[in-house]
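Let's take a walk through this protein together, stopping at a few spots along the way. Keep the 3D view open while you read.

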Amino acid sequence: MSQPIRIAVIGSGYVGLVAAVCFAEIGHEVICVDNDPRKVDALQAGDTLIHEEFLPQLLARYRNGRIQFTTDLGAATRACDAIFIAVGTPQSETGDADLSYVEAVACEIARSLNTYKVIVEKSTVPVYTNEWIRRAIERNGVARELFDVVSNPEFLREGTAVSDFLHPDRIVVGADQEAAANLLAAIYAPLTTGAYYQRADAIPGGCSVAAPPPLLHTSTKSAEIIKHASNAFLAMKISFINAVSNLCEATDANVEQVARGMGLDARIGPRFLRPGIGYGGSCFPKDVAAFRSVAEQLGLNFNLLAEVESINAQQKKRFLSKVRSALWTLRGKRLAVLGLAFKGETDDIRDSPAVELVQMFLAEGCSVTAYDPAAIKRTQQHLPASDQLRYAEDAYAAAEDADALIVLTDWAEFATLDLTRLNNALRYPIVIDGRNLYDPAKMAEHGFTYLSIGRPAAYPARSSVTA
Ligand code: UGA
């Protein structure tokens with residue numbers, strides 16, 4: 001193993017906490033800072049606060065050793081060589097990223113800079129943020145030789161965040177000074193040299209000793225743009241296939257066959273071509289808007305991104321119409337909803353298209369019984385249970401006596417439900433699937449009327465009303 005480096009990570013949200021724990025996992029000494037003392041106490045006690053595979057094990061492995069949690073940003077800055085800023089960059093009213101947390105942290109770091117430090121932006125930020133951080137620190141009276149600012153964007157996905165961090169497709173380091181680039185290269189050396197993957201207790205994933213991840217060294221501005229451009233491109237791929245799925249519906253073609261035929265072209269690739277009810281989450285909606293806003297501020301026309309957003313918004317409305325057309329009228333209908341999280345295997349409901357659709361169903365006068373394997377608690381804080389909205393303990397309980405079953409999140413658990421039991425629970429065997437989790441022919445065999453996205457509707461096979 002290479003030399004441990006002392007790293008401070010500011011912010012213990014998704015990116016910050018996963019990065020902090022993973023830096024400890026690859027051998028570094030980490031101090032994770034958050035200004036919320038309750039969070040710090042919970043983390044110190046071993047509660048990960050988020051639903052993420054491998055995180056509890058890694059936290060348990062290091063929390064009384066290589067990783068410490070504190071609210072004291074100044075002390076963490078003084079004690080470390082690299083300071084990663086991983087605080088939130090929420091969307092402001094105008095669509096651009098609100099950088100006030102980043103600025104506040106930069107000023108606080110400035111007050112504690114004593115020896116040379118590398119300050120790393122890990123939060124998703126627009127191009128030029130690096131320069132603003134540098135200026136903010138200089139304005140607080142810190143000599144230029146005492147620090148460098150680099151950009152090291154993170155590409156992890158919720159649900160697979162730990163393995164994405166430890167087995168990345170690439171590590172991007174935007175550094176304009178050699179000393180800073182060298183420190184970042186040393187931090188990631190256990191991954192880029194393959195040393196980490198030799199360990200018997202390494203978290204499993206796609207990288208190996210023979211195929212370690214590449215480190216791409218770029219300018220700071222390029223790195224900032226790489227992050228926004230990557231998320232915007234992935235969102236565009238999703239909107240593209242959603243638009244194609246509408247075309248498939250209009251022509252009775254099958255979007256799955258189309259996506260497969262497209263994805264086999266190595267230049268296109270098969271991933272992120274799953275049609276659905278639109279993308280959501282804490283990243284794509286915010287980052288597409290922020291990237292568009294950056295282009296606007298630079299006087300550039302990037303209307304393609306506005307179209308990506310518009311298709312995404314339409315997709316939810318189209319799904320509502322699909323439900324309406326299957327049930328004739330919506331007022332007074334009882335809907336069983338499977339899924340509240342913005343995607344499967346996470347409890348995150350930020351910008352969740354599933355939650356938005358539940359709200360649309362309620363506004364149409366439906367009553368909803370919803371089930372999600374992990375996101376009910378969070379949803380209840382936002383949408384409390386009422387006469388019109390109930391939460392169920394499992395999928396079958398949600399389906400009980402409902403006029404139709406609506407699938408809104410792609411949880412693996414939903415794909416393997418007992419279809420006969422589901423059919424028996426429902427008042428009418430109608431399934432409207434916003435995530436294409438089931439095989440239409442199989443649904444027909446099990447006696448369902450089955451509508452999905454971009455695929456021909458399936459109707460109960462004549463002789464197969466399920467027992
Ligand atoms: C996304 C990116 O995938 C990460 O690379 C990035 O680091 C992260 O944002 C971020 O900027 O922090 P995440 O938001 O966790 O990760 O989730 P994704 O798996 O990308 O899914 C985003 C949304 O797109 C979900 O609502 C998902 O259901 C939807 N989606 C995804 C589709 O509708 N179709 C697809 O084919 C793929």
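Asp410 and Arg274 join up through their side chains in a salt bridge, with N and O 3.0 Å apart. Before you go looking for them, keep in mind that this is a predicted model. The two partners sit in distant parts of the chain, 136 residues apart. Asp410 is in the loop between strand E12 (404-407) and helix H16 (412-415), while Arg274 is in the loop between helix H10 (255-263) and H11.

How open to the outside are they? Asp410 has a relative accessible area of 21%, so it is partly exposed. Arg274 reaches 58% relative accessibility, so this one counts as exposed.

## Another loop-to-loop link: Asp401 and Arg427

Here's a second pair to find: the side chains of Asp401 and Arg427 also form a salt bridge, at 3.7 Å from N to O. Asp401 belongs to the loop between helix H15 (395-399) and E12, and Arg427 to the loop between helix H17 (419-425) and strand E13 (430-433), so the bridge ties together parts 26 residues apart in sequence. Asp401 is partly exposed because its relative accessible area is 36%. Arg427 is partly exposed too, because its relative accessibility is 39%.

Asp401 has something else going on, this time in its backbone. Its phi angle is near 65 degrees, which is a positive value in a residue other than glycine.

Now move over to Arg135, which makes a salt bridge with Glu131; their closest N and O atoms are 3.2 Å apart. How far apart are Arg135 and Glu131 in helix H6? They are 4 residues apart, which means that about one helical turn separates them.

How many salt bridges does the count come to? It comes to 28.

## The second largest pocket

Let's stay around helix H6 for a moment and look at the second largest pocket. The volume of this pocket is about 340 Å³. It is lined by 19 residues, and the closest to the centre are Leu99, Pro126, Val127, Thr129 and Trp132. Helix H5 (100-112), helix H6 (129-139) and H11 are the elements that each give two or more residues to the lining. Which of them gives the most to this lining? That would be H6, with 5 residues.

What kinds of residues line this pocket? Sorted by class, there are 13 nonpolar, 3 polar and 3 charged residues in the lining.

Together with Tyr128, Leu298 and Leu300, Trp132 makes a nonpolar surface patch of about 440 Å². Leu298 sits in the loop between helix H11 (284-297) and helix H12 (303-327). Leu298 counts as partly exposed because its relative accessibility is 47%.

Rolling a probe the size of a water molecule over the atoms shows where empty space is left. When the whole structure is searched, how many cavities of 30 Å³ or more turn up? The search finds 1. The largest cavity has a volume of about 30 Å³.

Its lining is made of Glu121, Lys122, Ser123, Thr124, Val125, Ser151, Pro153, Glu224 and Lys227. By class, that lining has 2 nonpolar, 3 polar and 4 charged residues.

## One more positive phi angle

Our last stop is Glu345. Its phi is near 65 degrees, a positive value in a residue other than glycine. You'll find Glu345 in the loop between strand E9 (334-338) and helix H13 (353-363). The relative accessible area of Glu345 is 37%, so it is partly exposed.

Note on methods:
Residues are numbered from 1 along each chain as its sequence is written. This is a predicted model: local features need pLDDT of at least 70, side-chain atom pairs count only at pLDDT 80 or more; totals for chains, interfaces and linings use all residues. Side-chain values use heavy atoms; hydrogens and water are left out. Patches are made of residues with over 30% relative accessible area and no salt bridge: like charges are joined within 9 Å, nonpolar side chains (Val, Leu, Ile, Met, Phe, Trp, Tyr) within 5 Å. Accessible areas come from the Shrake-Rupley method with a 1.4 Å probe; for residues, only the protein chains shown count as cover. A salt bridge is a side-chain nitrogen of Lys or Arg within 4 Å of a carboxyl oxygen of Asp or Glu. Buried means under 20% relative accessible area, exposed over 50%, partly exposed in between (1.4 Å probe, protein chains only). On a 1 Å grid over the protein atoms alone, a cavity is a set of points where a 1.4 Å probe fits but cannot get out, and a pocket is an open set with protein on both sides within 12 Å along at least five of seven lines; lining residues have an atom within 4 Å of a point. Grid points are joined across faces, edges and corners, and a volume is the space filled by probe spheres set on the points. Ala, Val, Leu, Ile, Met, Phe, Trp, Tyr, Cys and Pro count as nonpolar, Asp, Glu, Lys and Arg as charged, and the others, Gly among them, as polar.
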